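Have a look at the sequence and the structure first, then read on.

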Amino acid sequence: MEILTYNTISFLFLYFFVSVLCQNGSDISPISSPSPFGVSTKQLIFKDRRLAVVYPIIQAFKATITEDPLNRTGNWVGGDICNYTGFYCDNPPDNLSAIALAGIDFNGFLLGAPTLEGFIDKLPDLAIFHANSNKFAGSIPDVSQLKYFYELDVSNNVHAGTFPMTVIGVKDLSFVDIRFNLFSGSVPPEIFNQALEVLFINNNDFTAKLPENFGSTPVRYLTLANNKLTGSIPRSIGNLNMTLIEVLLLNNKLTGCLPYEVGFLKELKLFDVEDNLLTGPLPCSLSCLDKIELLNLANNLFYWEVPEELCALVNLENLTLSGNYFTKVGPACRKLIKNGILDMTQNCVPDLPHQRSLLECTEFYLKYIRFCPYPETYKIIPCKDGYHHHWEGSKAKTMKAPVTYKTLSRHKF
């Protein structure tokens, strides 16, 4: 299953189709019970008592909104909550004859509010909250008590502070998008222990090292780009061999060598670590990335020769090695250069155009080479026995644009 884009995400699915024992049915009678939020429901008609419960919560949140240039809240009046702009209802799993508020989509509403606390965390049947491109501030509410919750998108807002620990431990959470905010500090190891499919935390101000359990989540799409993350890429990344499809680590401060275990990622199609401080020779295990389409290692400190086996991968559409210190490329790599697939500019290959100066290359090899741990692994090709790169070469290939590059734009993708 490929990742769903925002144009195809339905807000009325998954948990709301689980068949369980029915309890109380719908109630469309007028509700007049007092509200703890000071919002009267007198003489309003609701399709279900569950909607009557969330009505005062919505109205209390509406009262805190400071900006609404598109008048998205204009029809947030009356008892027909399911027709409020941005609100979606469905039958909850614990009562298929009931009607409940299941999803919220505020993408692009440009709403401003000082906090989301007291709102989404008080909506008991909420499963999805998407709020890209607003001006919501404050911390992320504690959604751990919402028994159906599984998707959170608060990207491109003005949330600040440390990583929102309130999402840690949410049982069925599979989608977390907090990119383009003002979060800072470390990325907690606990987030990588959750069964996520999507984790987008790019374009914040996260620092510190990637945790050793980096590869403990079955994530498929991972974007950590444009932060200030340091340290090396953990060897545990190899544990994602059955799930990881795309990963963006570009524009951080990562150091060390590429771990041999990157070559285990047999589902990987996109790997981008441009603009870091990674070094060392390239592990030959990269030639096992048989599904890789785009590999970007530009503007790092990689050196020595480019493995010919890497250049023989048949699905490569773009291999960018510019801005490094490689000294040698073989016939297969030269063919990719000729075909416009491989970019080798600004390296140290003597007979290629647009290379670094001899002085710059000499200085690097005399002063800055850092040898990698586990050097014996860099010549190992774990998939070599009984494995052939070219057997799929005659098959028709259908290339699609990478999903995660769209996360580098502020707005919904």
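Let's start with Gln59, which sits in helix α1, the stretch covering residues 49–64. Keep in mind that this is a predicted model.

Is Gln59 buried or exposed? Its relative accessible area is 14%, and the cut-off for buried is under 20%, so Gln59 counts as buried.

## A three-stranded sheet

Now over to one of the sheets. Three strands line up in the order β9-β11-β13 to give an open sheet, and the pairing is parallel. The edges are β9 (160–162) and β13 (205–206), each of which pairs on one side only.

How many bridges link β9 and β11? There are three, joining β9 to β11 (residues 182–185) in the parallel sense.

## The whole chain

Stepping back, the chain holds four helices and 24 strands. It runs to 413 residues, and 54% of them count as buried.

What about contacts along the sequence? Taking the contacts with a separation of 6 or more, 53% come from residues 24 or more positions apart. As for the surface, the chain exposes about 18200 Å², with carbon and sulfur atoms supplying 56% of that area.

Notes:
Residues are numbered from 1 along each chain as its sequence is written. This is a predicted model: local features need pLDDT of at least 70, side-chain atom pairs count only at pLDDT 80 or more; totals for chains, interfaces and linings use all residues. Side-chain values use heavy atoms; hydrogens and water are left out. Two strands pair if DSSP finds at least two bridges between them. Helices (H or I, at least four residues) and strands (E, at least two) are DSSP runs, numbered from the N terminus. Buried means under 20% relative accessible area, exposed over 50%, partly exposed in between (1.4 Å probe, protein chains only). Contact means heavy atoms within 4.5 Å. Accessible areas come from the Shrake-Rupley method with a 1.4 Å probe; for residues, only the protein chains shown count as cover.
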